[in-house]
Amino acid sequence: GYCQGLAAAGYPGNCATLTSLAEDVCTQYDRGFDLDTIVERLDGITQNKGLSNYIMAGATVYFCPEYSSSN
């Protein structure tokens with residue numbers, strides 16, 4: 001699953017927090033934000049570009065696959 005994938009990539013973190021960040025990515029896509037805007041906001045929250053990239057990828061794989069072509 002999503003949290004296991006992040007942990008395997010070296011970002012164990014709190015699963016509930018990581019899940020809510022991914023769900024927020026989907027919400028922002030729903031609202032029409034573009035990829036760059038979402039990544040910028042996520043980087044501001046995580047302070048870790050690598051983690052942000054994994055969250056972005058995981059969000060579109062696990063939570064909103066309809067946006068997988070966006071990133």
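This is a predicted model: local features need pLDDT of at least 70, side-chain atom pairs count only at pLDDT 80 or more; totals for chains, interfaces and linings use all residues.
## Asp-43 and its contacts

Contact here means that heavy atoms come within 4.5 Å of each other. Setting aside its neighbours within four places in sequence, Asp-43 is in contact with Asn-48, Lys-49 and Ser-52. Asp-43 itself belongs to helix α3, which covers residues 35–46.

Is Asp-43 buried or exposed? Its relative accessible area is 14%, and buried means under 20%, so Asp-43 counts as buried.

## The salt bridge

How many salt bridges does the structure hold? The count is 1. The partners are Asp-43 and Lys-49, and their closest N and O atoms sit 3.2 Å apart.

Asp-43 is buried, at 14% relative accessible area, whereas Lys-49 is exposed, at 58%. The cut-off for exposed is over 50%, which means that Lys-49, with its 58%, falls in that class.

## How α2 meets α4

Now for a pair of helices. Two packed helices are described by the angle between their axes and the distance between the axes. Helix α2 runs over residues 15–30, and it packs with α4 at an angle of about 70°, with the axes 9 Å apart. Angles of 65 to 115 degrees count as roughly perpendicular, so that is the word for how α2 lies relative to α4. On the α2 side, the residues making the contact include Leu-18, Leu-21, Ala-22, Val-25 and Tyr-29. On the α4 side, they include Leu-51, Ile-55, Ala-59 and Phe-63.

Ser-20 is another residue of helix α2. At 39% relative accessibility, Ser-20 is partly exposed. Ser-20 and Ala-59 are 39 residues apart in sequence, and their C-alpha atoms are 9.7 Å apart in space.

Where does Phe-63 sit? Phe-63 is in helix α4, which spans residues 49–63. Phe-63 is also one of the α4 residues making the contact with α2.

There's a surface side to Phe-63 as well. Together with Val-61 and Tyr-62, Phe-63 makes a nonpolar surface patch of about 290 Å². The relative accessible area of Phe-63 is 30%, so this residue counts as partly exposed. In short, Phe-63 takes part in the helix contact and in the nonpolar patch.

Key
Residues are numbered from 1 along each chain as its sequence is written. Side-chain values use heavy atoms; hydrogens and water are left out. Patches are made of residues with over 30% relative accessible area and no salt bridge: like charges are joined within 9 Å, nonpolar side chains (Val, Leu, Ile, Met, Phe, Trp, Tyr) within 5 Å. Accessible areas come from the Shrake-Rupley method with a 1.4 Å probe; for residues, only the protein chains shown count as cover. A salt bridge is a side-chain nitrogen of Lys or Arg within 4 Å of a carboxyl oxygen of Asp or Glu. Helices (H or I, at least four residues) and strands (E, at least two) are DSSP runs, numbered from the N terminus. Buried means under 20% relative accessible area, exposed over 50%, partly exposed in between (1.4 Å probe, protein chains only). Axes are lines fitted to C-alpha atoms, for helices over the stretch in contact, and angles run from 0 to 180 degrees between N-to-C directions. Angles under 35 degrees count as roughly parallel, over 145 as roughly antiparallel, 65 to 115 as roughly perpendicular and the rest as oblique.
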